[in-house]
Structure formats: structure tokens, C-alpha cells
Amino acid sequence: MIRMTPVQRSYLKHACIVGLILLSIFQYSKLGSGLGSEYPRKPIRVVVPFQSGGGSDTFVRIAQKAINDYELMPQPLVVVNKPGGGTSIGSSYVKDARPDGYTVLCLHEALMVAKSTGQSPNGPDDFEAVAATGEFGVVILVSEDSPYQSLGALMEAAKAKPETLKFGVNLNTPSHFCAIMLENTLPGARFRFVATGGGAHRLAGVMGGHLDVIILSVGEYLRFQQNGLKAIAYLGEERIDSIPDIPTGKELGFPVFGGNLHYWWFPKGTDQTIVDYFAGVLGKVMETDYVLQKTKDLEILPRIIVGDEMNTRIRQRTETFDLIKPTSRVELPDFTLWTLLSVGLFSLFVFGKRWLNPKAEIQKTDGPRLRYDLAFGTLLMTIVYVLLMGLRIMPFVWATILFVVASGLFLTRFDKRKFVSILEVALLMSFGLHFVFTQLFTIDLP
Amino acid sequence: MEALHTASTYLFSVQGLLLVILGTVLGITMGAIPGLTGAMLIALTLPLTFNMDPVNAFILLISMYVGAISGGLITATLLRMPGTPASIMTTMDGYPMARSGKPGRALGLGITASFVGGCISWLFLISLSGPIARYSTKLGPFDFFALVLLAFVLIASVGGKSMSRAFFSASLGVLASLPGIDKATGSLRLTFGFEELNGGLKLLPVLIGMFAISQIISDLSRIDEKVTIIPVKRTRDMFFKLKDWKDQAINLMRSSVIGTWVGILPGIGANIGSVSAYSAAKSMAKPEEQAKFGKGSEVAIVASESANNATIGGALIPLISLGIPGSVIDAILLGGLLIHGLQPGPLLFQQNPEMVYTIMGAMFVSNVFMFFFMIIAVRYLARLASIPRSLLMPVILVFCIIGSFALSTRMFDVWTMLFFGLLGFGFEKMKIPLAPFVIGFILAPIAEENLQMGLMASNGSFLPLIQRPVSLIFMIASVALLTIPLYKRFRYGHSQSN
């Protein structure tokens, strides 16, 4: 190792930091360039109202890759995951976005279901539908040693002993609605619905014998087939190639259609030419070899429906869902009440003792004086910093420089000697993090 | 076998090993700086891994976990400030030994004990999690509900000094988990008309607020404290000699097994593992050794450090086999698995076996790397404690804000984080423990979901809770853990209260 004097070492350190800062600023300045005049002039943000890694997310990322690889559009798609709130967080975000064609929602029939159950204020009427792509079907499953080896037997049993067969669904989502539609095909048949959450939980329920019947997507079914599951019906219009032996519900006399498509939605008021252009791009996407292969792997039918056919379908499905009013059929304890009660009870223990015995509290600690002025001053600066970004007064980069410099100076109590290192840290944090997040992680910053 | 192959190709690729090194070094660094904890590091790193491959993300996160629990011993020994809560017991004997002129020896004992503790618990991890996962598919919703109840009782009765404060903290955590959509009815509750609350409070902002922001506030208020570091001269003292192995063998085994089992128990983690092993070692030691406890006992350092690292492997067992976190850090990892679209629990072994092997493999490789890195670099790491806070804290604040924002790219989460930061600081001031809050926040939805599922299946009857053997055992254990301390207090008066 080369021996260096402390001064040399310090120069080298500063040179490295300055280099990094320059590199980040260079990257930052590149972002604004490359504008044309035709739509799309900048990347289009696709909002997926689920966590990354789920079915919708996977599908959108396949489309994203196809657009890049086959150069179907001059600008890329950027995927933004906004999970939670029964899809309402993501759909509200798009509904309130500017209708300029640069923000689009990709969400399947959960949009209609969430609206009709009141979980979300947004329904199809709040958006301009672009296209419905990639149909994924569902199957009805029982365990291999179940006494109900056919859909007919299952439905008869549900009629003979109403509300005893345990049907695992995700309450108020398309799976639940599908099960209710199945009940409606045979008057008198009623299941006992058990809220199970996601597919993996449902599967564990059937395997452990806690559930009698579940619904899974075809893709999930094929993945878990070896676990002693038996598909008794495919809920689609006709049989599909990957499971040719499974009869459809319609064939068996229970005409329920549980297929679902990924719909693409622009905010209301988006220009029709933009909608048509994007629908055209999606049409080309669904024809690429990459998408054909990937959808085959995932057991999704590479369909695309646009225009009147799509609008009719949206209307029909919305009407169907609106007729169904799912309610919980079991009286459940009120968790909110119980939690509030226990908070109240324990706060009595904690604060009551203190109130009865106030002397015990006074304890002097030795050591240097605690500087709450510095702590809360910095916290106040943080709040101003967040406000600056939250109210869109300043973008991330400038607000961060301001914050780091201001709080650094404040904490060193305006020590001028530290100013250079504070400034270095500030520049590195602002431009550097901006680069890392927007370029490497493709996460938007304020 | 194919999954094992996949996992090892990931882990032993250049990228995988770099991630192990990066994670372990960052973990040790954060662990060594007093006031920055592993929970904070992992919570802040999680948003950075959103776009990574889940396998790589977990190689990084697990390495950080191992590093962070290990790094605490450095400052505990040389500064008398435990770098992480897990090393509190190490401070009691490590610092006196370092003061008496044997800092290298004290560090060496801690590092080797950490390594051995990690290895022993790793053996438990690889041999137990598979069978538990296979068995747990037979567990029904009531069994899971009873298990979560047991976790609540454990953290309250074993975790802290005051049961009522722990329960208060836990029930506030449960309350914080309630806003959003009620899974059983699909209706909204406790959102007070804020549309942003429809999705509930997110785990990450709550965690970052509770652990990072509250810590930053209290660190900033202590900015004037000066630290003096005991310098370490020779690395040679650090290695175990044959005699050490012979003397410490039983202690190492016992402490590691205690650590592992404390780790397996849901909800409680490294600090309690370390305390339990310390007191076990003390009560089993010969009188002349017992007298040295608290004054630089070798046995004590070994017990504390082997046990806290052993909790890592232990706590990962319920996480990957049942989907129930064994400690606070595991709770964050649980959130991380969910964010990456993976469902921890019985089916993880079937659905994503490569993930299971990755977690196991990363823990082992990182443990080995930790050992060598600590031995070589421990002398320099101690200087980390002298990084000026005035530079460090603004940087960490920016990271906290980005970390909360990145989850759903909305400012609401940032405000949530700041709010819980203030709440966490208030908790600390009032001596209310933070860990039960987080455990309550994370476990409540699991408990609620399982209870609802069970009640829907049983048509509203609670009876299966005591009819099913597994849930009955958990219920009896909970009741016993609750009543024994209360009985003792009643019996022996109020001398032990608070």
C-alpha cells in the first residue's frame, strides 16, 4: 500500500467525492433532454394497484419488456406499484392524474367489484377504458379425497346441507363474486364462505382439510397440482388447451363465467387519439412472440378486446356485480371495540400508577445537558423539508441540498470549518440519490 | 434439489458474494455505531430492494441481519455503549476486561462466540424448519390464532420489566393496524374519511418512524456527549486457543441452544436470548467464576455473544416455516417477503424452495464472512463511533424520508413516519417498550385474519380454540405465562413491581 501523508489522503478523499458529485449532476441534467413533439414524448407511467410480484404486476412487466424489446413505442413504460386499500389507492391516483396520456391504470375486474362493494369510490365511469388484455380463467378445486368429485355433486350437497360446505374465497373480490354466481345457478344452494386471503392460504386450507372447496386461477392450479388437488370445473366459455380434460361449468349445467382480463384505463377526459394510439400499441404487444410465449407459460390467453366489444363487456359485468350483495353470514366479534377497550384498560395501569405516585418519576440523569433544542430544531427542519416536497414547491434535489446544508450547519452550530464537508454530503445525497432511485430503481421522487 | 442448485448458483455467483460482503459489512458498521440498529438498517434497505430479484434482495437482507447482531459487541466492549440492544449483556463484562488491558482478548472471545452461536443455530435452522413447515399445513386458523396470542403474552411477560407497559404498547400497536379495510366485511373502518388510510398504515413508515426517527431525536439530544475509545493493539490475542475451546465448550453449547430456543419463540429476539444465556451461565458457573461476573468474566462474554447470534437462526425458523416472525427484525423481513410477492409459511417450501435455501445459505456464508471480517477490521470499526453526528443524522433523515416515500410514492407515508417517530420518542421517554408495539402491529392482522377464518368455518363458535390439541397447548401456555408472574408478585409483595 502506498504511504500517504494525512493531507494527501484528505485531498484524495475530496477528489473522489467531487468526482461522484459531478457524475450524479451529469446524470441529472440528462433527464430533461430528448423531447419531441408527437405523443408519447416522455415515459408512460403504468399504475399497478398491487404489490410487485403479483399476477397483475407480472403481466404489466411482460408488456413493458415487449414494448422495449420490439420498439413498439418511442418511449418506455414505467411501472409504479401502488398497493392497498382494495385497489382504491392506485385507482384514485390515476383518476386524479392529468388526462394527458402519461398515466395509465392497469387493473382487472377488481375495479368493478371494489366499486360495487363500496370499498373504492372509483368505477369504470371514472376512466376512459383503453383495452382489455390477457384473459385468465379460474378453476373450482377440491382435494383428491373429497367426497364431492364433480361440480354436480358439490352443488347438490350445497343444496341439501346449505351453509355447511366451507368455500375459501377472498371476500369481496372477483373470487367471492364468482362463488356467489355459482350459488345462484342452483336455487337453494348455499356455501359457508370463509375469508382466506390470497391463493397460497386457500391452498393450505384445502390441503389441511380446513376448507372443502376453493377457487384458484388456472396458473396457480397448474403450479400446485401435485399437492393432491382435483379440478372439478373450469369457469370459462369453452375448454382450454392446458387443461383439456376439465369440463367447463357451462357444460355441466352451471353457466358461470369467472374469466378475468387486465383492463387498461386512462383518466377521464383523455384525448381519444391518445386512447386509440395506446390501444394500438397494446394490440401489437399481444402479438409479439415474447408475449405469446410468456402468456402461455402463465396460462393466460393472449386476447385483446377493444372498442364497443370491450364497452359492452364492461357494462354487462358491472351489471352482474351490482346485483350481487355479499354480506358476512357469521356474526364476528368487533375487533375495533375490543382493541380500544384493552388500550383503555392498560393505559389505566400505566398512567394510573404514575398519577397515584407522582414522586417516583423525578429522576436526575448525570452527564452533559440534553440538547432538545437541537433535536427538535432539526425535526422542525425535517417537517419544512417534507412540506416543501409535499406541496410541490421544490423538487427533491433542491429541497435535499437545502435541508442537509441547513440542518448540518445548525447541528455544528454554524461551524464554518465543517461547511465544505456538509456541502459535499448535501450534493452527494441530492444528486446521487436522485440518480440511484430514478435510474437504478425506477422509483419516482417528488 | 433443483432449488438447492438455483440457490447456490445465486449465492456463490460474484454478485451473490458481493451482496453478502456488502450486507455483512453494512450490518456490522450499523451495529457498531451506537444508536443505529439492525432493525433501522434493514427497514431502510427494504425499499432499495423493491426492484431487485427477491433472491438477491434476501441475500443482502439476511447478511445485514447477521452483521448487525454481531457488530454491537465492538462498541459494547471498547466504549461501554452497546451498539445494538442485543449486546447489552456484553457491555457488563466486555468493557471491564478491555479496561484491564485485554481489549483484544475481550473482542476475540465475543467474535468467536458469535460465530459459534451462529453456526449452532444454523444447524437447528436447516434441520427444524422443513419438518415444522410440513407439519404446519395441518394447523388450522384457530391454531395460528392461539400461536399469535402466545406471542403477545411472551413478549409482554418475558420481554420487559413491566407487563402492563408492554401490554399497553402492544394494544396500541394492534390499534394502529386496524384502519383500512376490514377483511371479513370488506367495509372501511377507522379511516376518519381519509382516503389515504383506506389501505391502512403501512409497515415500513411505521417501523422507520418507531425505530429510526425516535432514535435520531434522542441521539441528537445527546450530541454533546464525548466518546473515548480503548485502542486495540494486537490482533494475535483474538484467536481462541485449544484451552479456550475446552473451557468454553459447554458454555458455548448451552448458550447457543438457549439463544436458538429464545429465537424460535415468536416475538422475542436477540436481547432476551442474550440475557437468558447470561443468567444461565451465571447460575451454573463455579463460585470463583461467579464472582467475576460483571467485572470481566470470560464466561459471561461468551454466553452473551453466542446467544445473541444464535437467536438469528432460531428466529428465522418460525418465519420461514409458519410465517410468524420470531423477532422484530424478522417482522421486517416478513414484510419484505410480502413486498416481493412471497408468502412465508408452510407453502414457501413448495412454492419458492430456492428462497428458503437462499435464506439458509446466506445466513451461513455471512456468518463465516462476519468472523473473518471482524477479526481483521475490528480495530478500525471502533472508530466509527466517532463519526460526527452533525453529518450523519441529516443523511439518515433523508434516507428515512425516501424509504417511506418509495413504498407507494406518496407523501402520506412520510407524514405517517414522522408521526410514529414522535410517538416512539414519547414511548421511550415514558419507558414504554417499543418492541411490543411493532409485534402487535404486525401480528394483529395475522391474528384477526385467522380468527375470522376460523369463526367463519366454525359458524361463529370459539370452542375449537380449546378443542384442537395444538391450540389448546398454546392457550394453556399463554395462560400460564400470564398468571405465574402475577401470582409471584401477589405472593412476594410489590418489591419486584416495575
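How much area is buried between chain B and chain A, and what share of that area do carbon and sulfur atoms give?

1. The area buried between chain B and chain A is about 7500 Å², and carbon and sulfur atoms give 71% of it. Buried area is the accessible area (1.4 Å probe) that two parts lose on being put together, summed over both.

2. This is a predicted model, in which local features need pLDDT of at least 70, side-chain atom pairs count only at pLDDT 80 or more, and totals for chains, interfaces and linings use all residues. Residues are numbered from 1 along each chain as its sequence is written, chains are lettered from A in the order in which they are written, and side-chain values use heavy atoms, with hydrogens and water left out.

3. Chain B brings 86 residues to the contact and chain A brings 88 residues, where contact means heavy atoms within 4.5 Å. Between the two chains there are 0 salt bridges (a side-chain nitrogen of Lys or Arg within 4 Å of a carboxyl oxygen of Asp or Glu).

4. On the side of chain B that touches chain A, there are 47 nonpolar, 23 polar and 16 charged residues. Here Ala, Val, Leu, Ile, Met, Phe, Trp, Tyr, Cys and Pro count as nonpolar, Asp, Glu, Lys and Arg as charged, and the others, Gly among them, as polar.

5. Chain A is assigned domain 1 (44–135 + 260–323), domain 2 (138–234) and domain 3 (370–446); such bounds come from an automatic or database domain assignment. Taken over C-alpha atoms, the centres of domain 1 and domain 3 of chain A are 37 Å apart.

6. Over all chains the structure holds 16 salt bridges. One of them joins A:E163 and A:R190, with the closest N and O atoms 2.9 Å apart. A:E163 lies in the loop between α5 (151–160) and β6 of chain A and A:R190 in the loop between α6 and β7 of chain A, so this pair ties together parts 27 residues apart in sequence. Helices (H or I, at least four residues) and strands (E, at least two) are DSSP runs, numbered from the N terminus.
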